[in-house]
Amino acid sequence: TTTTTTTTTTTTTTTTTATTTTTSSTTSSTGQGTGQGTGQGTGQATGEGTGQATGEGTGQATGEGTGQATGQGTGQATGEGTGQATGQGSSTSQGTGQGSSTSQGSSTGQGSSTGQGTTTGSGSTTGTTGRPLETRFGSAPYVYAWSGAVDRVNPDYIAILDAVPDSPTYKTVVGKAELPAEIAINNEPHHMQFVNNNTVVVAGGLLSLLHRPQELFFWNVSNPLSPTFIKAENPPTSSAVDDILPLPQGGFLVSIMGAADGSSPGAIGEWDAKLNFVGEWPPVGERPSDFNPHGVSLHVEKDILITSDFIDPASSLHPSQTILLRDSIRIFKPWSNRRVTSTVRIPEGIGLMDVKFLPHHPDGLAYTTNFGSQGMVIWAINTTDSTTTPVFNVSGVYNCSQRDHMLHQPVAGTTKYLVTNSYSGLIIMFDTSDPLNLVLLDAVVYGVQSGIHSIEISDDNRYAMVSGYFLDEDSMGLLHEDGDRSIHISEITSIGLIKTDFLVNMNTIVPYPMRPHMVRFYNTKTTTRPT
């Protein structure tokens, strides 16, 4: 007597979300069936990420599958399995299968099994998410570096670096934010910032105006490894875009150093949460003739904006022979009126690179630096009464230079305050417990002419990242302040700064040498920076 049994297959698909840099997943399946007859059956399953599948096991069988892929942010994965068996005779059989996969965002695995015997039964597989690989620098799995080709012939782009220490691609380029070919060359990439709760990245080309009208670039970063280009814009009455300040309600401000032709005055540009241009402030006709804003900071609670004037952009370019350096701090109070209400002159001011509010200070205290006859001095500006006070002479400790262009960054939730010295190659950390008498805590030294300039703090306030490049105008102008073209990360401890193993040289890590002016952590936590 011959009996033939045919099994049927059902498939269940599950969707999961990956919220970490790398996940490990394991799947296991068990099936048992008894029937009449003998036969042979084969089954095959493929899965992406983690999932769940049901199928029919055949005979005594084992299977395994491995897969690996890369990805990040939030992802989706599905898994399914199929199996089919027919047989005749009489037997009892049991089938087991196991597969594992490791992935960053997604993975694929394949397993197969064969067995002899009659079977009428079913088996199931269940996917489970294992322990993720941990980020080190706050919640950031990636670093974005807005970089320009040294030869000014190859395209500029944002290089996206893996920042997860246990990842096999740690400290390598794993993605790009690219520009359309017609606007990708010779922009002199400058500042960059995440806006709208880290969903959009905005970057500026300092010298784009020499080649094309577009100088402010927008990308959607929903896929952080392959951002989508949105648009490029040109402020109507100003040029030479610089620092980008995200606003808590969405949108952002940009300090724009020059007029439309690169001369003076500049303006503060504003874009709303829908990335639409709002306006330039102060309005045309109300801008001071020497208004060339570089640093910009907003005191949200007191509704005060403060800016620092650096240089007349056109004066640094040929055929000019003299760079016009500025000495002014501008106060917009209240900022909601979009008008300059006070101008503060720093004694012997020669190019005020940056200004930052001390967070939540009741008098609206801000800091700037200037190199005068006394050396490199940090000044406090009281925006309540528009007074200034020298609070620390950096040259009394370190051998500073007039070529040291310093950027500032308070460490949120602490009394720590960091500044960079580009030419001297320093990150210096102060304690601001007494805001008018700063205490030097420590410094990290990267070397003279290393170009240490832009600075970024991780969202857990434990790490400081800097780039080794300020500005080299090459044959176009008078400024020649290159650097080591590297990206460095140091740990912020209770008493000092410690270099980490994160060092990426953009001369060698990419196909052609690049200059990384601005670096940012891509944080998976949504945070709009208030300062």
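**Exercise 1. In which order do the strands of the open sheet that contains β12 and β13 lie, and is the pairing parallel or antiparallel?**

Before we start, a word on the model: it is predicted, so local features need pLDDT of at least 70 and side-chain atom pairs count only at pLDDT 80 or more, while totals for chains, interfaces and linings use all residues. Residues are numbered from 1 along each chain as its sequence is written, and side-chain values use heavy atoms, leaving out hydrogens and water.

*Solution.* 
- Step 1: The four strands follow the order β12-β13-β14-β15, and their pairing is antiparallel. Strands (E, at least two residues) are DSSP runs numbered from the N terminus, and two of them pair if DSSP finds at least two bridges between them.
- Step 2: β12 and β15 (228-233) form the edges, each pairing on one side only.
- Step 3: On average, neighbouring strands here are turned by 20° against each other, direction ignored; the axes are lines fitted to C-alpha atoms.
- Step 4: Zoom in on β12 and strand β13 (residues 200-205): five bridges join them. Phe 194 stands opposite Val 201 in β13.

**Exercise 2. Find the partner of Phe 194 in an aromatic pair and classify the geometry.**

*Solution.* 
- Step 1: Recall the rule: rings of Phe, Tyr and Trp (its six-membered ring) pair if their centres lie within 6.5 Å, with planes under 30 degrees apart counted as stacked, over 60 as edge-to-face and the rest as tilted.
- Step 2: The ring centres of Phe 194 and Tyr 522 are 5.8 Å apart and the planes stand at 65°, so this pair is edge-to-face.
- Step 3: Phe 194 belongs to strand β12 (residues 189-195) and Tyr 522 to strand β38 (residues 514-522), so the pair ties together parts 328 residues apart in sequence.

**Exercise 3. Describe the pair of Trp 146 and Phe 217, then look at other ring features.**

*Solution.* 
- Step 1: The structure holds 19 aromatic pairs. One of them joins Trp 146 and Phe 217 edge-to-face, 6.2 Å centre to centre with 70° between the planes.
- Step 2: Trp 146 sits in strand β9 (residues 142-149) and Phe 217 in strand β14 (residues 216-220), 71 residues apart.
- Step 3: Trp 146 counts as buried because its relative accessibility is 0%, and Phe 217 is buried at 0% too.
- Step 4: Elsewhere, ring pairs link Phe 137, Tyr 170, Tyr 463, Phe 502 and Phe 521 into a cluster.
- Step 5: Lys 231 lies over the face of Phe 218, 5.0 Å from the ring centre. A charge sits over a ring if NZ of Lys or CZ of Arg is within 6 Å of the ring centre and within 35 degrees of the ring normal.

**Exercise 4. Where is Thr 307, and which residues does it touch?**

*Solution.* 
- Step 1: Thr 307 is placed in strand β21 (residues 304-309).
- Step 2: With a relative accessible area of 0%, Thr 307 is buried.
- Step 3: Beyond four places in sequence, the contacts of Thr 307 (heavy atoms within 4.5 Å) include Ile 268, Phe 291, Arg 330 and Val 355.

**Exercise 5. Which residues have pLDDT under 50?**

*Solution.* 
- Step 1: pLDDT is the predictor's confidence in each residue, from 0 to 100. The chain averages 81, and 74% of the residues score at least 70.
- Step 2: Over residues 1-131, pLDDT stays under 50.
- Step 3: Where pLDDT is low, the predicted coordinates should not be read in detail.

Notes:
Buried means under 20% relative accessible area, exposed over 50%, partly exposed in between (1.4 Å probe, protein chains only). Axes are lines fitted to C-alpha atoms, for helices over the stretch in contact, and angles run from 0 to 180 degrees between N-to-C directions.
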